[in-house]
Amino acid sequence: MKIKSFSVEEWMNAYEKSATFNIAETCVDSLTLEELVTLDGSNPDDFFRSLYPLKLTYGHIEGSPEFRQLVANLYTTINPHQVLVMNGGIGANFLVFYSLVQPGDHVIAVHPTYQQIYEVPQSFGATVDLLKLRPENHFLPDLDELKSLIRPNTKMICINNPNNPSGALLERDILEKIVEIARSCGAYVLCDEVYRNLLQDDDADVPSIADLYEKGISTSSVSKALSLAGLRLGWIVAPQEVIAECMKHRDYTTISCGMLDDILAVHALKNYDKILRRNRKIVRDNLALLDEWVNNEESFSYVKPRAGTTAMLKYDFPVPSVTFCTGLLANTGAFLTPGTCFDMDGYVRIGYACSTEVLQAGLEQVSEYVRKMK
């Protein structure tokens, strides 16, 4: 199995810990353990003391019944037997590909998106066609182009909603048309939904793909929308036969996820609405700040995101994006992701869901650095 280096993860691994102003981070400002435990008024001492009798065994292999029920509750048509816990959204995506994609299959994936979504199926021997998301179309898929890519052996269409890195949002009308196209050839639709519900507009109609399509597969995690990346817990929601196939392959790689991660994730999911209110306020307040900055900063422009935590900023100076980002970090401590990680040189990706203070300071450093460049 040969696979390309994972550009964005290598970038984050190399530089993230040295940043003073991390405006490349894609999670909503992370919760502390104390903040998580006290969401419902629990006393931290009592909460943790209640865990002392636990034997640290493998725990529930498929995820605890309570975890699976709470995840199922996030959907409208899903039962707990259609939920499978995994080690983060990245583990969920990988297991789906490992379980369903074979040499000779054809896969269509949107681009730009999280690199895993198109590199992994290709590494398993599939032919992968990229469905380009273009800024002139607000990073939304051209459905006629999607139809033109369909083949008799198309096994899977892979989308990411809301989209990382652009913040584009697929609402019900587009999703239903994608389902219609997938159904025409019997393809699965895998939708990475880790940023689900981080909406700028309460009226947006954005169902999960698992609720729309009998062959829809939703992957998600507690990392982004619930601000708990440190728990390393995600899930697959899919038809029962897909879950069975995933379990067969999962036995070779995972056994179980962490028992303590499951317990803390259950606590978070019980307080889902509280966390979502907190996090929607962060992304909305911070996007307003970013939007004002872009409008006042002559060197940058963007397609304003409608959801999620990230945006692609286009700049107008003749410097490669890696050179710009490494220079910015070295001189100011502000950290962005170069567009080359998404095959989009001339852009940088910003993560605007950090604390408002970090975002404000980071943007000020970017402006100062650009002024000095000129």
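In this predicted model, helix α6 (residues 116–123) lies across β3 (106–111), β4, β5 and β6, running at about 160 degrees to β3.

The strands named here belong to an open sheet of 7 strands with mixed pairing, in the order β2-β8-β7-β6-β5-β3-β4. At its edges are β2 (83–86) and β4 (127–132), each of which pairs on one side only. Direction ignored, neighbouring strands of this sheet are turned by 20 degrees against each other on average. Within the sheet, strand β6 (residues 188–192) and β7 run parallel and are joined by 4 bridges; aspartate 192 stands opposite threonine 219 in β7.

Turning to the empty space, a search with a probe the size of a water molecule shows where it is left. The structure holds 3 cavities of 30 Å³ or more. The largest cavity has a volume of about 110 Å³ and is lined by 13 residues, with Glu193, Arg196, Ser220, Trp235 and Tyr272 lying nearest its centre. Strand β7 (residues 216–221) supplies the largest share of this lining, 3 residues. By class, the lining of the largest cavity comprises 7 nonpolar, 4 polar and 2 charged residues.

The second largest cavity holds about 60 Å³ of space. Its lining consists of Val110, Leu133, Phe139, Pro141, Ile159, Asn160, Asn163, Ala168, Leu169 and Leu170, a set that divides into 8 nonpolar, 2 polar and no charged residues.

Note on methods: Residues numbered from 1 in each chain as written. Predicted model: local features only at pLDDT ≥ 70, side-chain atom pairs only at ≥ 80, totals over all residues. Heavy atoms only, no water. 1 Å grid on protein atoms, 1.4 Å probe; cavity = no way out; pocket = protein on both sides within 12 Å on 5 of 7 lines; lining within 4 Å. Points joined across faces, edges and corners; volume = space filled by probe spheres on them. Helix = DSSP H or I, 4+ residues; strand = E, 2+ residues; numbered from the N terminus. Nonpolar A, V, L, I, M, F, W, Y, C, P; charged D, E, K, R; others polar. Pairing = 2+ DSSP bridges. Axes fitted to C-alpha atoms, helices over the stretch in contact; angles between N-to-C directions. Contact = heavy atoms within 4.5 Å.
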